[in-house]
Amino acid sequence: MTTTGHSKSGAIQVTGEVIGLRRAGEYHVLTLTAGGIPDLTRPGHFVALAVGGEHSSMLLRRAFSIYSVQSRGVYGGTLEIVFAVNGKGTEWLSRLHRHDQVDIVGPLGRPFALPKEPVACVLVAGGYGSAPMFALADALRARGCRVDVVLGASTESKLFGVLDAKRIAASLTITTDDGSAGERGRVTDVLPAVLQRTDADVVYACGPMPMLQAVAKVATEHGAYSQCAVEESMACGIGVCMSCVLPVVGDDGVTRMLRSCVDGPVFRGDRVRWDEVGTIPEGTLGAPVSGGH
Amino acid sequence: MTRAVITHGPRPDAAADVPDIDMTTWLAGLELPSPVLTASGCAAAGRELDQFFDITTIGAVVTKSIMLNPRSGRPTPRMAETPSGMLNSIGLQGPGIDAFLDKDLEWLRARGARAVVSIAGGSVDEYTRLASKLRHVTDVAAIEVNISCPNVEDRGQVFACDPVAAAEVITAVRRNTNPGIPVLAKLSPDVTDIVAIARSVVDAGADGLSMINTLLGMVIDTDTMRPALAGITGGLSGPAIRPVAVRCVYQVHAALPEVPILGMGGIRTGLDALEFVLAGASAVSVGTVTFHDPGAPARIARELAVALAERGFESFEQAIGHAHRAPDPAPASGGPVAGHGHTLDADAPDTAVEAGVEG
C-alpha cells in the first residue's frame, strides 16, 4: 500500500488492491483496500479512480459514490463502490482481478449534511444511485432519525441494495418503470404518499438529474428540506478542471456555476437550477461571454 | 546540491532514490528551485493540489488564466476524453482579477508558494488593465499572458494566431506592469509558423515564452450525432499533443536560443519533461496529467532528477537545449554522455572519426 499526500484532512491518493469484484443485478461491486481513505469517509463522499493501468490512454478519473467502508479488518481499510459498465473505463474496472492495483483518490466532495435533531428522513435513489444511501441511513439511525427508503429503477435488475434497504428502513417502497418489481412508475409517483405518511423533514436523494429535479420539487412542495447528490461528468474529481459545474443559487441569491466535485456532489435541492443544468442561466455571476478555451 | 522539491517528495521511500543534482533553473531572470511548474488551467490556484504534495516545493504554481471580471465559463458538457488526451471548452470560468488577488493569490502568498499569474483578455485594453492591477502586487513571480483568446475587436480572431495582435498585447502588458517581473507569452501551436509569432512577441518585450497552449479540436458524439462539447470545439491537451509541443519548443529554441522557454504539452513522466528540456525548455509545466495523477508535479520533478543523473548531467541547466548540440565526441571527462550507455562508434561513425581527429 502506497499512500501519497501529506495533508491530515481532505483527500489522499492511495494505491489500492482489488479484494473482490462481484455482480449485483446489472451492476458490479468492487472492493478495494484503500489505506486511510475509509477512516476519513462520511456518507456522500466519493472516490475518483484512475482506469486503464499505468500507461493508460484514458487520462480522466472515474468518480464513484462510496457504497461502504471498513476502517479496519484483515486488509486494513477497505471500501466498496458500485458501477455499471457504460464505457471503456468501467469496462476496464469490470475486468479487474484479485490483487490488481487501482489508484484511488478520496474521500472527495462534501458529504450529506445530517440533521441535528432526530427527525424523520426519506431516502430516495434511482438505479445504483442508492450506493451512498446505506451508510447515510446508518448515520441517520445512529442519531435517532426514522429512515424510510424509496428505490426506483427502469427494471428489477437495475435496482441496487434492496436487501440492505430492507434491513435499515422503517419502510421500503420500490418502483420500476416496467413494473417488474414494486409499483409500476417512478419514485416521485410514490414519494408524496411516503412524505405524508412519515411527516418527513428531510429528503435525501441520489440518482439521475431528472429524478433529482423531480424529487427536489416534491420535497419542497411538502415543506421538506432536500439534499441531492448529483451525477455530473467529472475529469479530475478534485476541483481543478472546472468540468463538472452546474448552476446553483447561493445564500445571497446569486447563481454561480459550482463544481460538483468540491462544492457538491451534495447540493440543497431547492438551490440547484435544475431546468438550466447544462446552460449558463441568465444572471449567473459572470454570464455570458464568448471567449477562449 | 539537492533542492527542496526532491527532499519533500510525498512518497517517503522515493526521496532516498533521488540523486544529488542541482535542479535550480532560471526563467527570464526568475530563479526557481525546481524546473517543474503546474500548467495554467490544470491546477486552479494551487490549493486543491496542496492536499497531494507540498506545492511550495515545485517551481511555481501557474494559476488558471484570470480575466478582469468574474466569468461563468461555457455551458456543459465542457470536457471529452480523447485517446491519451482530452478536449476542453471551459471558457475561462473564474472570479475576476480583484477576487483572485484577494483570495487566491493571498492564499498562495500565505502558503509560501511561488505564483506565476496567468492573465487573459478579450481586448488589448483588458490585458492592459490586468497588467496594471498586477503592477503593485508583490509575490507575483512572473506573469504568463494567455493570448489564445478571441479578440472581440477583431471578429474573434485569436491574438496568438496573429503576430501583430499578439505583439500589441505583449507590449501593453510589458509597459503596464512591474519591470522587474518577467512576462511570458503563451503561444498557440495552431499557427503556420510559430517562430514568426515567437519573434514578434519577443520583439514586443516578452521576457520568455510558454509553449504550447492546447490545439483546437473537436469530438462528435456518435450516439447523439452532435458535437460532444457544448462549446462545439475545444482545446486538445495531454500526451497526444506532446510531439507537437516538443517540435514547437525545438524550432523556437533553434531560432531564438537566448529566449527562455517554459515548455508544456502532454508531459506525463520525468522522461517526457526531459524531452522538452533537451529541446530547449528552461522549465516545464505539467498540466492535464494532474487530472489523472494529482501528485504528478512532484513525481515528475523526482523522475526528471533521476533521468538527468542517469545521463551524466551534473545540473539541470546543463541539459537545456542539449538536443541541438552536435553529438558528444566521447563519453569522457565527466560531461553528459550521448545516448546513456551505448557506444558512439556503432551507430555514429562520422562522429567517431571527427572525435579522433580532434583528439
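My notes on the two chains follow.

I am working with a predicted model, in which local features need pLDDT of at least 70 and side-chain atom pairs count only at pLDDT 80 or more, while totals for chains, interfaces and linings use all residues. Residues are numbered from 1 along each chain as its sequence is written, and chains are lettered from A and ligands numbered from 1 in the order in which they are written.

Domains. I looked up the division of chain A and found domain 1 (3-108) and domain 2 (120-232), the bounds coming from an automatic or database domain assignment. Their centres, taken over C-alpha atoms, are 25 Å apart. In domain 1 of chain A, 12 residues are in contact with 13 residues of domain 2 (C-beta atoms, placed from the backbone, within 7 Å). Strand S5 (residues 62-70) of chain A gives the largest share of domain 1's side, 4 residues; strands here are DSSP E runs of at least two residues, and helices H or I runs of at least four, numbered from the N terminus.

Sheet. I then traced an open sheet of 7 strands in chain A, with mixed pairing and the order S11-S10-S9-S8-S12-S13-S16, where pairing requires at least two DSSP bridges. Strand S9 (residues 146-153) and strand S10 (residues 171-176) of chain A pair in the parallel sense over 6 bridges, and A:Val150 has A:Thr173 as its bridge partner in S10(A).

Definitions and conventions:
Contact = placed C-beta atoms within 7 Å.
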